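The sequence and the model come before the discussion.

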Amino acid sequence: MKQQRNHVELFTDGACLGNPGPGGWGALLRAGGHERELSGGEAQTTNNRMELMAAIAGLEALKRPCVVEITTDSQYVKRGVEEWMARWQANGWRTSDRQPVKNRELWERLRTALAAHQVRWHWVKGHAGHVENERVDVLARTAAEMAREEA
């Protein structure tokens with residue numbers, strides 16, 4: 001009998017105080033009635049990098065292959081994975097206009113983190129009252145504030 005994969009909900013967000021500037025990311029993992037919050041920040045970064053880091057950190061926290069429902073307010077991350085990443089990789093990590101892909105090391109890290117899992121992406125409008133999105137936004141903003149204070 002085939003082993004059933006664990007089902008996990010992952011909510012992610014990134015924030016930046018200035019772009020570039022101090023930034024933070026937040027992730028909420030939910031599985032089997034349990035929740036785990038993750039967050040981190042950098043003194044000098046961009047919003048897109050923090051959005052990527054939120055998804056990466058959430059996926060890297062998983063210890064075994066799972067079915068993962070990722071909810072993000074970042075079209076950059078969602079579209080990057082679903083529409084652009086395969087083409088970038090096939091083109092030697094260059095965009096359609098032959099420019100190097102920005103944040104390539106994070107896209108490659110995200111690709112590796114996604115590999116073990118069956119993932120479905122969901123987009124929500126940011127700052128629109130989605131409970132979990134608001135929660136990870138607070139985590140990301142708090143991490144960004146801490147990164148600014150530590151800089």
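A salt bridge here is a side-chain nitrogen of Lys or Arg within 4 Å of a carboxyl oxygen of Asp or Glu. The model is a predicted one. Under that rule, Arg 120 and Glu 69 form a salt bridge, with their closest N and O atoms 2.3 Å apart. This pair links distant parts of the chain, since Arg 120 lies in strand S5 (residues 118-123) and Glu 69 in strand S4, 51 residues apart. Glu 69 is buried, because its relative accessible area of 12% falls under the 20% limit.

**Salt bridges**

The count of salt bridges comes to 13. Side chains of opposite charge can pair when their charged atoms come close.

| Pair | N to O distance | Elements | Separation |
|---|---|---|---|
| Arg 135 and Glu 35 | 2.8 Å | H4 and S3 | 100 residues |
| Glu 37 and Arg 135 | 2.9 Å | S3 and H4 | 98 residues |
| Arg 120 and Glu 69 | 2.3 Å | S5 and S4 | 51 residues |

Arg 135 has both Glu 35 and Glu 37 as salt-bridge partners. Arg 135 belongs to helix H4 (residues 131-150), and Glu 35 to strand S3 (residues 34-45). Glu 37 also sits in strand S3. Arg 135 is partly exposed, with a relative accessible area of 28%. Glu 35 is partly exposed at 41%, and Glu 37 is likewise partly exposed at 41% relative accessibility. Which residues do salt bridges with shared partners join into one network? The network consists of Glu 9, Arg 30, Glu 35, Glu 37, Glu 132 and Arg 135.

In soluble globular proteins, nonpolar side chains tend to be buried together. The largest nonpolar core of this model holds 32 residues, and those with the most contacts inside it are Trp 25, Leu 52, Leu 59, Trp 107, Leu 110 and Leu 114. Two or more core residues come from each of strand S1 (6-16), strand S2 (21-31), helix H1 (47-60), strand S4 (66-72), helix H2 (75-90) and helix H3 (104-114). H1 gives the largest share, 8 residues.

Leu 59 shows how the core is connected in sequence. With neighbours within four places in sequence left aside, Leu 59 is in contact with Leu 10, Val 68, Ile 70, Leu 110, Ala 113, Leu 114 and His 117. Among these partners, Leu 110 and Leu 114 are also listed with the most contacts inside the core.

**Overall fold**

The chain has 4 helices and 5 strands. Their order from the N terminus is β-β-β-α-β-α-α-β-α. Of the contacts with a separation of 6 or more, 67% are between residues 24 or more positions apart. For 151 residues, a compact globule would have a radius of gyration near 15 Å, and the 15 Å of this chain agrees with that. Along the principal axes, the C-alpha atoms fill a box of roughly 50 × 40 × 25 Å. Of the 151 residues, 46% count as buried. The accessible surface of the chain is about 8,300 Å², and 48% of that surface belongs to carbon and sulfur atoms.

How values were computed:
Residues numbered from 1 in each chain as written. Predicted model: local features only at pLDDT ≥ 70, side-chain atom pairs only at ≥ 80, totals over all residues. Heavy atoms only, no water. Core = buried A, V, L, I, M, F, W, Y, C linked by side-chain atoms within 4.5 Å. Buried < 20%, exposed > 50% of the residue type's maximum accessible area, 1.4 Å probe, protein only. Contact = heavy atoms within 4.5 Å. Rg over C-alpha atoms; globule rule 2.2 N^0.38 Å. Areas by Shrake-Rupley, 256 points an atom, 1.4 Å probe, with all protein chains shown as cover.
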